[in-house]
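Trainee: I would like to learn how to read the helices in a model. Please go through it with me step by step.

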Amino acid sequence: MNDSQDFQPSPVESNENVATAQSSNATSPKIEGNLTVNSEFSSSQLTRMAEWEVEAGRLTREEANRMLAADGAPLIQKPIDPNSPEAYVDSIMPPAEPKQFTMPQMNFDDPTGEEARNMDKFARSILSDARFTREIGNFVAEEVARSSTKFESMSEAERMGYKSEQLSMLRNIWKGDLSRKLGIARSFVNHLEAMNPGFKNLLDTTGAGDNAMIIAKFVMQAELMLERQRK
């Protein structure tokens, strides 16, 4: 799903990470299931069928794209004026489709592999909704995986030390602009959580919500999306 929404950046207290900070009450429609069950249609046919549903007013484009993503089919793209800021930003930082990302190896205590498949689909949806390029999305996915492995083995005291260390790194980079930048990151996380419920929990349980490199990528991407919205 590649629809951007307006951001309302707000300051974040320095003892909060971007996942645990309070979010707004805004929610997006929760669509369960996919477009077809045991479908024999091709991915392009599924996309065309979804376009018909949108044109008929039976689905919004957001709802259709969520189901298309679940099926691994191409999303319905919003027409973009070639002279618009959106077109310019997308030309230099082209957003990738879910299937274009490379996911790191994920180990789960599930012999069926279903948990790993669900996480793979969930992660691809988040990266696509964030409008990351393939390269940046792959980096973020790898960094979340590394953060998770490291975070899992830490004691509570070590986790607190890690959080303080990562925040210090961002403070050294952003100086007096730290609160504003973290506000942008928090708004971006809220934006993605609304479309992918459970994203904040993923950041929290893996330690990725404290990871300075991941937060910096979120801020960079949010600022790009803000640039797309400028007229």
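Trainee: How many residues has α4, and how far does α4 reach from its first C-alpha to its last?

Mentor: A word on the source first. This is a predicted model, in which local features need pLDDT of at least 70 and side-chain atom pairs count only at pLDDT 80 or more, while totals for chains, interfaces and linings use all residues. Residues are numbered from 1 along each chain as its sequence is written, and side-chain values use heavy atoms, with hydrogens and water left out. Helices (H or I, at least four residues) and strands (E, at least two) are DSSP runs, numbered from the N terminus. The expected span of a helix is 1.5 Å times one less than its number of residues. α4 has 16 residues and reaches 23 Å, close to the 22 Å expected.

Trainee: What span should α5 have at 1.5 Å a residue?

Mentor: The 19 residues of α5 should span 27 Å, and its end C-alpha atoms are 27 Å apart, which agrees.

Trainee: How many helices and strands does the protein have?

Mentor: The count is 9 helices and 0 strands. Of the 231 residues, 42% count as buried, where buried means under 20% relative accessible area, exposed over 50%, and partly exposed in between (1.4 Å probe, protein chains only).

Trainee: Which residues of α5 are buried?

Mentor: An α-helix has 3.6 residues a turn, so residues three or four places apart point the same way. In α5 the buried residues include Ile-136, Val-140, Val-144, Ser-147 and Phe-151. In α4 they are Ala-123, Arg-124, Ser-125, Ile-126, Leu-127, Ser-128 and Asp-129.

Trainee: At what angle do α5 and α8 pack?

Mentor: Two packed helices are described by the angle between their axes and the distance between the axes. Axes are lines fitted to C-alpha atoms, for helices over the stretch in contact, and angles run from 0 to 180 degrees between N-to-C directions. Helix α5 (residues 134-152) and helix α8 (residues 199-206) pack at about 50 degrees, with axes 8 Å apart. That makes α5 oblique to α8; angles under 35 degrees count as roughly parallel, over 145 as roughly antiparallel, 65 to 115 as roughly perpendicular and the rest as oblique. Contact means heavy atoms within 4.5 Å. Val-144, Ser-147, Ser-148 and Phe-151 of α5 meet Asp-204, Thr-205 and Thr-206 of α8. These residues divide into 2 nonpolar, 4 polar and 1 charged. Here Ala, Val, Leu, Ile, Met, Phe, Trp, Tyr, Cys and Pro count as nonpolar, Asp, Glu, Lys and Arg as charged, and the others, Gly among them, as polar.

Trainee: How do the axes of α1 and α2 cross?

Mentor: The axes of α1 (residues 43-55) and α2 (residues 61-71) come within 9 Å and cross at roughly 160 degrees. That makes α1 roughly antiparallel to α2. Leu-46, Thr-47, Ala-50 and Val-54 of α1 make the contact with Arg-61, Ala-64, Leu-68 and Asp-71 of α2. By class, there are 5 nonpolar, 1 polar and 2 charged residues.

Trainee: Where is Arg-131, and is Arg-131 buried or exposed?

Mentor: Arg-131 is in the loop between α4 and α5, and its phi is near 60 degrees, a positive value in a residue other than glycine. Arg-131 is buried, with a relative accessible area of 6%. Lys-175, in the loop between α6 and α7, also is not a glycine and has a positive phi of about 50 degrees. At 57% relative accessibility, Lys-175 counts as exposed.
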